[in-house]
Amino acid sequence: MDLDTAVLAYLKGELSPLTSQKMKNLINTKPYIKQKVLEWQSYMAKMEYLIDKIYLVPAGYREQLIKKLTKKNNYLPWVGALTIIPGLLLVLGIRLARKNKAA
Amino acid sequence: MEEKEILEQFKKGQEEAFFHLLDLYENEVYTLALRILGHAEDARDASQEAWLRIYRGLNHFRGESTIKTWIYRIAFNTSLSELKKKRRLTSLPLDEEIIGEFPEEYGEIESELLNLPDKYRSAVSLKDIYKYPYEEIARIMKISLSSAKVLVHRGRIKLKNRLKEAGINEVKKWI
């Protein structure tokens, strides 16, 4: 585990109590580790800020989506029909051919 | 109206129930797409495509997760597919940096995130903003578990350093 990962795990409370205590001692005695802790704390606070940040959809979004939905809904049954009809005709043709052969 | 009720109504054929879902999650899905794609217009198209998929799939939703989780999963998958499609068209690899100008309304922190190379931006967003476990990130991004961990780790360090270099340290600058 590198130092960044260890510091983050410490801040998130993911270390065992013993390792966490060792980490705490290191932070108190090594200024460069303390600096890392401050940097990651700042990073985590910024991510927390982004969690709550939600942007509004642009103007005309809903109208455009409704258009797309309507287009798909009108189009899909035709696509379905065009795919199914040739298949049905083929099955019917095979059945008729078998019947004729049997006769 | 509660999600369960919305779902029941949609399954009964009352399609306006879908618009209640839109009211609830429209902005969240758009924001999520923006964070994956890093571009407002692409985010609009991808999030709308996600809603088309949600509309088509809603009748088959079996409630194995919450409806929000299901919607988010579709939105992530659609956005990542769009991202790959876009990168194929421009022949840019996923680790190529996007140097963009983002509207001021996004703020400095979001702009730094949006400017990260695609794969790091997606991985960091999934982990640190949307709190997905590594296993889920690997599944969504179609990469191995170890790759997901590496991407999140490197992405975090890149973003942390960028925020530091940009001098976005004091609380008053970004709140």
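1. Confidence in the complex. The predictor assigns the complex an ipTM of 0.80 and a pTM of 0.77. For chain B the mean pLDDT is 85, and 86% of the residues score at least 70.

2. Confidence by element. Helix H3 of chain B (residues 40-57) has the highest mean pLDDT among the elements of the chain, at 94. The lowest, 43, belongs to helix H9 of chain B (residues 171-174). Over residues 171-175 of chain B, pLDDT stays under 50, and the model has nine contacts beyond four places in sequence for this stretch. Where pLDDT is low, predicted coordinates should not be read in detail.

3. Domains. Chain B splits into domain 1, residues 1-92, and domain 2, residues 97-170. Taken over C-alpha atoms, the centres of the two domains of chain B are 21 Å apart. Eight residues from domain 1 of chain B and 11 residues from domain 2 of chain B make up the contact.

4. The domain 1 side of that contact. In chain B, helix H2 (16-37) and helix H4 (67-90) each contribute at least two residues to the side of domain 1 that touches domain 2. H4(B) gives the most, with four residues. By class, this side of domain 1 of chain B has four nonpolar residues, three polar and one charged.

5. Contact with chain A. The contact between the chains involves 26 residues of chain B and 22 residues of chain A. On the chain B side, at least two residues each come from H2, H3, helix H5 (107-114), helix H6 (118-129) and helix H8 (145-165). The side of chain B that touches chain A divides into 13 nonpolar, five polar and eight charged residues.

6. Packing of H5 and H8 in chain B. How are H5(B) and H8(B) oriented to each other? Their axes come within 10 Å and cross at roughly 135°. Angles over 145 degrees would count as roughly antiparallel, and 65 to 115 as roughly perpendicular; H5(B) and H8(B) are therefore oblique to each other. The crossing of H5(B) and H8(B) is right-handed.

7. Residues at the crossing. From H5(B), the residues B:Ile109, B:Glu112 and B:Leu113 meet B:Leu159, B:Arg162 and B:Leu163 of H8(B). The contact of H5(B) with H8(B) has four nonpolar residues, two charged and no polar.

Note on methods: Residues are numbered from 1 along each chain as its sequence is written. Chains are lettered from A and ligands numbered from 1 in the order in which they are written. This is a predicted model: local features need pLDDT of at least 70, side-chain atom pairs count only at pLDDT 80 or more; totals for chains, interfaces and linings use all residues. pLDDT is the predictor's confidence in each residue, from 0 to 100. Two residues are in contact if their C-beta atoms, placed from the backbone, lie within 7 Å. Domain bounds come from an automatic or database domain assignment. Ala, Val, Leu, Ile, Met, Phe, Trp, Tyr, Cys and Pro count as nonpolar, Asp, Glu, Lys and Arg as charged, and the others, Gly among them, as polar. Axes are lines fitted to C-alpha atoms, for helices over the stretch in contact, and angles run from 0 to 180 degrees between N-to-C directions. Angles under 35 degrees count as roughly parallel, over 145 as roughly antiparallel, 65 to 115 as roughly perpendicular and the rest as oblique. A crossing is left-handed if the near helix is turned anticlockwise from the far one by less than a right angle, and right-handed if clockwise.
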